[in-house]
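Student: Could you walk me through this structure? I have not looked at it before, and I would like to ask as we go.

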Amino acid sequence: MRKIGKIEVETMSEEHEVELVPDSHAASTAPTENTAATDAERSTEDAVPRTGQRSLLGWGRVAHVFARELCSENLEEISKQAVLSRGLGRSYGDASLPAPEFGPALSTRFADRILDFDSETGVLRAEAGLSLRDLLHSFLSSGFFVPVTPGTQFATLGGCVASDVHGKNHHRDGSFGEHLRSLKMRVADGRILVCSPDHEAELFYATLGGMGLTGHILEVELQMARVPSPWIWQKVKHFDNLESLFVALRSGSAKWPFSVAWIDGLTAPGREHGILMLGRWAEADEAPRKFPKPRKARTVPFDAPSWFLNGLTGRIHNRLHSWTHRNSVGIEHPETFFYPLDHVRDWNRLYGKRGFIQYQCILPHEEEGYAVLRFLDLLRKLGADPLLCVLKDFGAQGKGMLSFPKPGFTLCIDLPYRGDRTQNLVDQLNEFVLAEEGRIYLAKDLHTRAEHFFAMEPRFEAWNEVRRRWDPQASIRSALSVRLFGDDA
Amino acid sequence: MKVVLLGATKGMGRAVARKFAERGDSIFLLGRDQDELERSALDLENRGARQRIEYGFCDLLQPRSFEPGLAQAWETLDGVDAVVVTAGIFGAQEDLEVRDAHAARVLTADFTSTVLFCEVARKRLLEDGGGTLCVFSSVAGDRGRSKVVLYGAAKAGLSAYLEGLDHRYRRAGLRTVCVKPGFVRTAMTADLDAPPFACDPETIAPRVVRAIDRGTPVVYVPGIWRWVLLAIRMLPRFAMRRIDF
Ligand SMILES: Cc1cc2nc3c(=O)[nH]c(=O)nc-3n(C[C@H](O)[C@H](O)[C@H](O)COP(=O)(O)OP(=O)(O)OC[C@H]3O[C@@H](n4cnc5c(N)ncnc54)[C@H](O)[C@@H]3O)c2cc1C
Ligand SMILES: NC(=O)c1ccc[n+]([C@@H]2O[C@H](COP(=O)([O-])OP(=O)(O)OC[C@H]3O[C@@H](n4cnc5c(N)ncnc54)[C@H](OP(=O)(O)O)[C@@H]3O)[C@@H](O)[C@H]2O)c1
């Protein structure tokens, strides 16, 4: 493997460059001489694309900010001007939106080069806009997978760091940040530097889960996980009783690397049911010989009418889901296992023009009883129609200063957006979470109030101190940091 | 196959180069920015290229860089089977109308310079007994259009040049492939609203590589544009004026 630095390119020697640039004497062979841009002109003219303002959206399509989005393969260039970096915009709320009327955001989605990969150690270095989908396409066939993956492969490395994402293996492997080696960043004063657990460690740990507010992540160095085969061995079990589901989720987590439960949130009390999915990578001798074919994603060509995913269709959907997931054990396609929603590329449009929100919180484990049951009761009482209710078991809290996970059950629900009613609903859910000493996930959030957030996050002050040290003026600023962290609007 | 690419640091060129790398072809990159070339070379190496990937300097706006750049490519790869040109610049019509210097640059880069580069490549390929010259023009060059008057005119000239080359030299062994992309989501088009059939560079790359393998003279990507443009080319002028395409 070769490294930047020890390359010699003969024809790019200075001699040549000097000779080629002005070109003013070569009139006959150079018809461009009177129009050719000087270097200075070029860098201002076409290295920085001029982008118009438009509505930037969160994944739930409720949050939006009218702003420019700078797009280029060259992150070093565009990060000089942007007030926030964003990846593929898979965070549901306002985390990836720049503070309104403050400046342009930059999109990393074209910065997707893999700069180094060591097939002995599995250490990978890549530009921050590389998507997990691309990464899997390139490395699953040679026996490597990302150590932690969220429920979508359309997330970038930068986004996974900034949200310090968790996967179905949090109870065993922690969150994304635990597998990072280093980050190359542009910080607010314009410098580009590398941080890691050994160097500028504070900046490093403030960036994990720091929602892009500590600087622009340019490159990510990551320890990939070695897998015995590209297939998953999965066990699915159906439960008619939620308490036994919870017990099984916890004991399953102790034995299986991947675990997740799904609850039908729409049934009447006493009729709740759910399914538990446990998984591990299949051993080479269990796995099919052939490589799992990448799934083709369907697209939604237009916005569905807003009533489309109402209670009724939701109920039918849940019923179907539980039918197709009867008890079973066996081989599963990795994309089906990790990314069931990615089958429909822009499924967020199914919620119609009004959009939807996702609410995700963590409820710490209790000695007896389950906060999750009370949470579901509350949802019912508030008349919320959660469609999808996903439950995971979290392990220990990592080192990210503002990372979401800590031990407990995390619960994640999608809700159609209903204006003020949604705000009211989130307020009440947050009161509950606060009383249970839980907290909410910023990558999903749009409606939490600052006072609730501060009460849930005694860690905020320490994180904010580090942020201020690197960026006293808060010149990197998002719609989320204005709403929650007290940045000026 | 041994391939030289001009403009593979970004966009569609990047996606096409990755396809070549994945199947183990030998690649040489040409471009104007050393750091970008270096990073792209590393990327291709990490995405399956079997050999180390070399690169050289070539700036579309400096025609004197064409011969040395291609000479270096020929030498490094020990002969070349295909030259692929995706380098080009775009300018929105409103913008080009008010900034003369920029208009001159777009016209020069996308027509004169590209053609001059192709001329150097053509001579070298023919000297070796033939090869493939694949150049990215655009659907914007298929018909004069109010929204892309200048850019479209440059691309129309480029398409005409490539067709002429094809007629003149195919028998001698030079296969020209004129790629006409519709709307592809790259940084070049990031500030435009995506029309129907917009697609990503990864989607069109396999089609381009196939066209290069087969020596298809004209290829629309994605394929649907072939039919759209067939209809557009047949529209009478008054109708064309009406639909404001
Ligand atoms: C279907 C679905 C399932 C999901 N499942 C999970 C899950 O299981 N677990 C989980 O943890 N999350 C999950 N998520 C949330 C998602 O993983 C995170 O929101 C992730 O951050 C999205 O990555 P992105 O590249 O789209 O980032 P964006 O949404 O664009 O940005 C997210 C945050 O990262 C910051 N950011 C992005 N790139 C950079 C950069 N280069 N430098 C600095 N800051 C940057 C942004 O400022 C923003 O604050 C899911 C989302 C969806 C749509
Ligand atoms: N995107 C579309 O929808 C679309 C539609 C129709 C036609 N096209 C045509 O298809 C081709 C590729 O488009 P794209 O969208 O992939 O473009 P892109 O993402 O902007 O990439 C352009 C490439 O050209 C190179 N380049 C630009 N100016 C150069 C110069 N003076 N010297 C050398 N290299 C130069 C760039 O290299 P640097 O890294 O040095 O900048 C870059 O690699 C272009 O010819 C374009 O006109 C595009």
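**A first walk through the model**

Tutor: Let us begin with B:Q62, which sits in the loop between β3 (54–57) and α3 (66–77) of chain B; helices (H or I, at least four residues) and strands (E, at least two) are DSSP runs, numbered from the N terminus. This is a predicted model, in which local features need pLDDT of at least 70 and side-chain atom pairs count only at pLDDT 80 or more, while totals for chains, interfaces and linings use all residues. Residues are numbered from 1 along each chain as its sequence is written, chains are lettered from A and ligands numbered from 1 in the order in which they are written, and side-chain values use heavy atoms, with hydrogens and water left out.

Student: Is B:Q62 buried or exposed?

Tutor: B:Q62 counts as buried, at 6% relative accessibility; buried means under 20% relative accessible area, exposed over 50%, and partly exposed in between, with a 1.4 Å probe and protein chains only.

Student: Okay, helices now. Which residues of α8 in chain B are buried?

Tutor: In helix α8 (residues 224–234) of chain B, the buried ones are B:W225, B:L229 and B:I232. Seen down the axis of α8(B), these buried residues fall within an arc of 55°, so they line one face of the helix, where the arc is that of the directions from the helix axis to the C-beta atoms. An α-helix has 3.6 residues a turn, so residues three or four places apart point the same way.

Student: What do those buried residues pack against?

Tutor: The buried residues of α8(B) pack against β7 (218–221) and α9 (237–243) of chain B, contact meaning heavy atoms within 4.5 Å. On the face turned away from the buried side, α8(B) carries the exposed residues B:W227 and B:M234.

Student: What about the peptide bond from B:V221 to B:P222?

Tutor: That bond, from B:V221 to B:P222, is cis, with omega near -15°, and B:P222 has its place in the loop between β7 and α8 of chain B. Most residues other than glycine have a negative phi, and most peptide bonds are trans.

Student: Then which value does phi take at A:M211?

Tutor: Phi of A:M211 is near 50°, a positive value in a residue other than glycine. A:M211 lies in the loop between α7 (201–207) and β10 of chain A, and A:M211 is buried, with a relative accessible area of 7%. A:E437 also has a positive phi, near 60°, but A:E437 is exposed at 62% relative accessibility and belongs to the loop between α12 (420–435) and β19 (439–440) of chain A.

Student: Let me switch to the ligands. How many residues surround ligand 1?

Tutor: There are 36 residues around ligand 1, the closest being A:S85, A:G87, A:S91, A:T156 and A:Y441; a residue is near a molecule if one of its heavy atoms lies within 4 Å of it. By class, this shell around ligand 1 divides into 16 nonpolar, 16 polar and 4 charged residues, with Ala, Val, Leu, Ile, Met, Phe, Trp, Tyr, Cys and Pro counted as nonpolar, Asp, Glu, Lys and Arg as charged, and the others, Gly among them, as polar.
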